[in-house]
Amino acid sequence: MGPTPEVLEKFRKKAEIVSAIVSEVDSMAQAIAYTVDLCAQKEACQLLMSGCEETLSDKGKDLCELKEWGKIIAAPALNDADMAELLKQAAERQISVIKDGMRSHLAGIDIGFTVADYGIGETGSLVINSSSEELRLATMVSEIHVAVIPKSRIRATAEDMYAELKGFMSQKPNYLAFVTGASRTADIERVLALGVHGPLELHILILEDK
């Protein structure tokens with residue numbers, strides 16, 4: 001049973017308050033097309049190394065140049081059918097797709113593409129079982145996080161999924177992430193900054209799954 005219209009609307013509004021971009025899709029193919037198009041439109045990730053004012057070896061000097069990587073979508077937890085569709089659509093736009101090896105791309109992942117386990121209406125949060133390090137990194141070091149949430153898995157409150165959360169947390173090892181909006185902090189002089197500890201943008205795609 002899916003959420004009531006009131007719960008769905010509250011989820012959307014709460015997510016948008018914390019800078020999430022919320023859309024609805026009819027299929028995973030449509031969600032993948034959204035993600036590939038978003039990646040194609042953005043600038044490729046760039047990396048500028050620090051410490052370049054020091055005396056360095058030739059190899060070190062090479063690292064100090066501004067590096068522009070080809071565009072990359074990280075999708076570590078997709079099933080085989082959805083991965084095949086993503087690979088097909090991404091190849092048509094000359095975008096690379098990776099499923100593992102995130103540590104080799106810590107400054108060059110354009111989009112992390114995931115499917116959330118649950119959504120919480122009262123806070124606009126996503127619940128993602130992130131016990132896999134590859135999944136954690138994909139959602140933390142990408143510039144943009146695109147998360148698909150099946151509509152039937154949106155609950156009014158966290159208490160409404162108590163049994164499911166308890167099940168996740170009883171697994172060993174376990175790492176359960178509650179994602180609310182884009183990464184943000186105001187630690188420095190109380191000035192709000194986005195993207196310091198995680199993605200600059202969060203796109204939530206509500207998947208019709210009746």
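Visitor: What should the 14 residues of α2 span at 1.5 Å a residue, and how far apart are its end C-alpha atoms?

Guide: Those 14 residues should span 20 Å, and the end C-alpha atoms are 20 Å apart, which agrees. The expected span is 1.5 Å times one less than the number of residues. Helices here are DSSP runs of H or I with at least four residues, strands are E runs of at least two, and both are numbered from the N terminus.

Visitor: What sort of model is this, and what pLDDT do local features need?

Guide: This is a predicted model, where local features need pLDDT of at least 70 and side-chain atom pairs count only at pLDDT 80 or more, while totals for chains, interfaces and linings use all residues. Residues are numbered from 1 along each chain as its sequence is written, and side-chain values use heavy atoms, with hydrogens and water left out.

Visitor: Back to α2, which residues are buried?

Guide: M28, A31, I32, T35, V36, L38 and C39. Buried means under 20% relative accessible area, exposed means over 50%, and partly exposed is in between, with a 1.4 Å probe and protein chains only. They cover an arc of only 160° around the axis, which puts them on the same side of α2; the arc is that of the directions from the helix axis to the C-beta atoms.

Visitor: And what covers them?

Guide: The cover of those α2 residues includes β1 (21–25), β4, α4, β6, β9 and β14.

Visitor: OK, α4 then. How many residues, and what reach?

Guide: Helix α4 takes in residues 80–92, so to speak 13 residues, and reaches 19 Å from its first C-alpha to its last, close to the 18 Å expected.

Visitor: Which α4 residues are buried, and which are exposed?

Guide: D82, M83, L86, Q89 and A90 are buried. Seen down the axis of α4, these fall within an arc of 135°, so they line one face of the helix. On the other side of α4, D80, A81, A91 and E92 are exposed.

Visitor: What does the buried set of α4 pack against?

Guide: The partners are α2 (28–41), β4 (72–74), β5 (96–98) and β6 (111–115). Contact means heavy atoms within 4.5 Å.

Visitor: What's going on at the start of α4?

Guide: A side-chain oxygen of N79 reaches to within 3.2 Å of the backbone nitrogen of A81. After α4 comes Q94, with a positive phi near 60°.

Visitor: Switching to strands. How many residues of β9 are buried?

Guide: Seven of the seven residues of β9 (144–150) are buried, so the strand is largely enclosed by the rest of the structure. I144, V146, V148 and P150 point one way, and H145, A147 and I149 point the other way. In a regular strand the side chains alternate between the two faces of the sheet.

Visitor: Which strands does β9 join, parallel or antiparallel?

Guide: β6 and β9 run parallel and are joined by five bridges, with T114 opposite A147. β9 and β14 (201–207) also run parallel, with seven bridges between them, and there V146 stands opposite H203. Two strands pair if DSSP finds at least two bridges between them.

Visitor: What else does E201 touch?

Guide: Leaving out residues up to four places away in sequence, E201 touches I21, E143, I144, H145 and A182. I21 is 180 residues away along the chain, yet the two C-alpha atoms are separated by 7.9 Å.

Visitor: And D110, where is that?

Guide: D110 is in the loop between β5 and β6, and is buried with a relative accessible area of 0%. A polar atom of the D110 side chain lies 2.8 Å from the backbone nitrogen of I72.

Visitor: Last one: how many helices and strands overall?

Guide: Six helices and 14 strands. Of the 210 residues of the protein chain, 42% count as buried.

How values were computed. Polar contact = N/O pair within 3.5 Å; in protein donor to acceptor, adjacent residues only side chain to side chain.
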